[in-house]
Amino acid sequence: MSQSATMAMPAGRTMPGMGVYNLKLGMWVFLLSEVMFFTGLIGAYIILRFAHPDAYTDPGTVLNVPLTAFNTFVLICSSVTMVKAFAAIEAGDQRGLRLWLLATVALGAFFLSVQGIEYFKLASEGFVPIASLYAAEGAPLYGATFYTLTGFHGAHVTIGVLCMSFTSFKAFRGAYTQADHGGVEIMGLYWHFVDLVWIILFTIVYLI
Amino acid sequence: MQWGFPENVSTFGGEIDSIFALILYVTAAMFVIVEVALIYFLIRYRHREGAKAEYIHGHRRAEVIWTVVPFLLLALLAFRSTKTWLGLKSPDRFPRDALELRIHAKQFEWNVTYPGPDGRLDTPDDFVRRNQLHLPVDRAVRVTMTSEDVIHSFFLPQFRVKQDVVPGMETQVWFQATRTGEFVLGCAELCGLGHYHMRGSVTVHTAEDFERWQRQEAAASS
Amino acid sequence: MTTVAAVQHTAHALHHDDRSFIRKYIFSTDHKIIGIQFLFMSLLFLIIGGLLAMLIRWQLGWPGQPLPGGAALGETRMPGGVMLPEFYNSLVTMHGTLMIFFAIMPLLVGVFANYLIPLQVGAPDMAFPRLNMLSFWTAVPAGLLMVAGFFVAGGHAGAGWTSYPPLSAVPEYSGVYNGQVFWTLSIIILGFSSLMGSVNYITTVINMRAPGMTWFRLPLPTWALFITSILILLAIPILTGALILLLFDQVLGTGFYLPERGGQPLLWQHLFWFFGHPEVYILILPAFGFVSEIISNGARKPLFGYHAMVIAIASIAFLGWIVWGHHMFQSGMNPMLGATFMSTTMVIAIPTAVKVFNWLGTLWRGDIHFHAPMLYAIGFVAMFVIGGFSGVFLASTPVDIFLHDTYFVVAHIHYVLFGGSLFAIFGAITYWFPKMFGRMMNETVGKIHFALTFIFFNLTFFPMHQLGDAGMMRRIYDYTGYAHLAGLRPLNEFISVSAYLLFATQLLFAGNFLWSLLRGKKAEPNPWRANSLEWAAPSPPPHGNFAETPTVYRGPYEYSAPDADEDYLPQDRPPVQRPAPAPEPIPAGG
Ligand code: HEA
Ligand code: HEA
Ligand code: CUA
Ligand SMILES: [Cu+2]
């Protein structure tokens, strides 16, 4: 028995305490810190926007709301496919697991691509984070807050896609079983969290 | 060397000093209670051959007492402080007929704009003096402050006045001198290399002297 | 079941510990080694931070005088031995930064959360040992980066440990170029280290407790470290976010905090102190835990009001989130908001009072043994309250008008952080040293060190209250140009001399520490006749900690129980069979 295996408690093993295995509990705890991270950024956004209402334009004038609404829908779909993947392995369905995981990776990557295209378009219109180069409507603060909030979310999606690819790779190697699939579960927790954050960000950055 | 606070020359400074004294009494009493009990227990219950500690896990009533008593004391302090604080700082409590001055702070100087003989800012007889704050005695002065670069803090120790000056924002203070003389203006917020010498002089004149000074300076600048 | 797994595991580890030197001592996943690695690192930073303070005291005691040998620090710092203002600003900034982020915080949490939590809950290791190793090895580059900042052109960061923009963000204003960026990056990286640590500590306390270790049987250090970890987990991401925005302002040309680019300087202050006040409790709660442990042990008496103590820690941790505005009373914040923050700040003194009086209650009718750790713990109680009281002055908004940004605040900082946290750390190191290294620290030297530190500490920092009352601003390179401060030369000189004696006294501790490491008296498993589980393991415990997973039968402070033969009763000692049926051990999960 390798030492880290014992101590990290393999997935599926319940410890005394919460009745949740370590990895899952650890993921929950980690996500709490993520909640605070985004709370800080969103709080900063709200303070800045209240202090400088003129820096921001009406929804839809600079940002492309329909495109992003569609992208939001894509991300929500990826949460659904993630749930499907988890349900599949709960039922012992290896093929289902692999398919749904791949679908999730694909949807995540699609979301990122759309965001990349959006960034590119916005930047070419002068909507940039750097104050001295800002040339769009509103004021530089708008660009800076927009790219920071959506960018950090995008970074989380990127990490998610990378980890999810790894999870899929392991799924193809048959690493998860009906009894032991903690890796899929915690991947799912992270993914749903990132999705949830996006819904909040979409609302406050694009719609309000 | 002089102990305690510098001499107070503002109308409200005495009130601030008295709150300081009040807190000093409360905390000094608490300090004595804690340290005396500590030392007494250390001596009284020091280890002796064959002695055994008493097997006690706590005491409900004692917990309640030492929660409630500090609560009451602190509530008193908070109440007393709030009264003075809001009286000083609420914008609607600022004195009406105050002398208006404007200060623009920048690394590492205080630029004071005076209204000139007509007593009003933004008129042609306004003039600016660097690092010199002149004011009349017994009249409220209201200063509106802005900063050019970084955060500074307008500090008049003898007036018990301190107010940060923040770039991109206007802050205001008021005070009223109770005697004439020369006092100190300092910067209390770290603002760079020259933070330590960002100081000015404060001169409190009689009302007539101040008028005369303003006329003279306005003439000199025009 | 864990029990089985753990027993198998430890047996395995005890019998063939065939890890290579590197796996065992450098890239180790063993929580004890990681704790000790943090110990050496943070003591090193404590010394550096102390040395910086000595330089600060030179300039303040003898303003503008050349420091003998000071010219060796270079033309950009002390030409001809005379300190430049920009170097002074870096010294103050780095003294505060190193002490808070690289000395006290890792000493309290990195060292003791790592070392103690698994031992005190009866676990073989942390929940995620490899993450734990990564946490230490993330702190190292952060530290190196911070030190490297001293050597970049333009000098090290000089905007104070609180780094208020615009000064911290715009090189034209501060004259500091990459130093400020190094500072920002280093703290961001360190934050990741702290986060990894706290995820581990929280999971371990919740999930890895030995059978019978219910929540209210946890020793107070573990309770305090657990709650501190929650604070870290929630507070650090706020700082990280704020720092990232600062970094963007510094290097990317955004303007979150810069009015000339459309931003808000006060935003930083809100974010920083929303983190910063919980941070100061991060720096004291573990100390509360250690002191509770040591006082109960020294008094041979159950901790007075165990539940009240736990509730007090939790309340302080909770209230700590709603007081941040007390650092901003004079910032131009709305005065109504200021009044609100004052009230919440006053309230936080109440759970602290509960703690102080419960320590006194523990001593009352005790059988007090004055071993060296006990002396430090008593010194803590005596000194911390002074820092707490000065906090009450600062909390009063009208009084803070005068005291804000004066040496009164500096006195407050050092009474809570040195008189408080550092005294507790001295106590904790002396107390757990035998467990960590299998040797005792020298008692006599410890007692002398305590006495001298106690004296010189007060001589150094108590007069700072007077400097503040006289109106001496903090972070000021030369006060002699001010009419109202020129008379403070002699008092400052006195403080500086005391500070040098204080520093010299610390060499006793360093000497004792190093000497005892190699030559100290061999320690038994339980030299202090204490109750908690770490004393059930050998000194030092082997990889995997316990030969057999312990079962816990009672709380950790059962000293001088009437029906026990000795004056202590370890948590894992099975109850003696009496005529009445013995109580069942409470199964884990409570
Ligand atoms: C370990 C760290 C620590 C701790 C525990 C505290 C504890 C407290 N601090 Fe302090 N504080 C700092 C570290 C800490 N502080 C630092 C580092 C700064 C400076 C930051 C900077 O660089 O700007 C600072 C600054 C600071 C300020 C801002 C000052 C300014 O810049 O103008 C204020 C203002 O309210 C304050 C208040 C308090 C209060 C009310 C407590 C309370 O928690 C204290 C409560 C304890 C007691 C009161 C004693 C025990 C109680 C009794 C025995 C009961 C009876 C008491 C009464 C009835 C009065 N602190
Ligand atoms: C825990 C925190 C801590 C500690 C211990 C200290 C210790 C000291 N501090 Fe400071 N200080 C701060 C935290 C701390 N400080 C902070 C946060 C600020 C604000 C910074 C800012 O404004 O931005 C500050 C600011 C500050 C100032 C104000 C500067 C200014 O505003 O211009 C001064 C001035 O005298 C000062 C002095 C000292 C002195 C003389 C010591 C002495 O006590 C030092 C004595 C030496 C030691 C404590 C080291 C001993 C080493 C060991 C014991 C290690 C043993 C080694 C082995 C076992 C191998 N400190
Ligand atoms: Cu201006 Cu300090
Ligand atoms: Cu605070």
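Which helices of chain C each supply at least two residues of the shell around ligand 2?

## Basis of the model

This is a predicted model, in which local features need pLDDT of at least 70, side-chain atom pairs count only at pLDDT 80 or more, and totals for chains, interfaces and linings use all residues. Residues are numbered from 1 along each chain as its sequence is written, chains are lettered from A and ligands numbered from 1 in the order in which they are written, and side-chain values use heavy atoms, without hydrogens and water.

## Shell around ligand 2

The helices in question are α3 (31–61), α4 (85–121), α15 (407–437), α16 (443–469) and α17 (489–519) of chain C; helices are DSSP runs of H or I with at least four residues, numbered from the N terminus. The largest share, 9 residues, comes from α3(C).

Around ligand 2 there are 38 residues (a heavy atom within 4 Å). Those that come nearest are Arg57(C), Tyr88(C), His95(C), His414(C) and Arg475(C).

## Polar pairs

Pairs of N or O atoms within 3.5 Å count as polar contacts. The side chain of Arg57(C) places an N or O atom 2.8 Å from an oxygen atom of ligand 2, and for Tyr407(C) the corresponding distance to an oxygen atom of the ligand is 3.3 Å. A nitrogen atom of ligand 2 lies 2.8 Å from a polar side-chain atom of His95(C).

## Extent of chain B

The C-alpha trace of chain B spans about 90 × 40 × 35 Å along its principal axes. Of its 222 residues, 52% are buried, that is, under 20% relative accessible area with a 1.4 Å probe and protein chains only.

Notes
A polar contact is a pair of N or O atoms within 3.5 Å; within protein, one must be able to donate a hydrogen and the other to accept it, and residues adjacent in sequence count only if both atoms are side-chain atoms. Buried means under 20% relative accessible area, exposed over 50%, partly exposed in between (1.4 Å probe, protein chains only).
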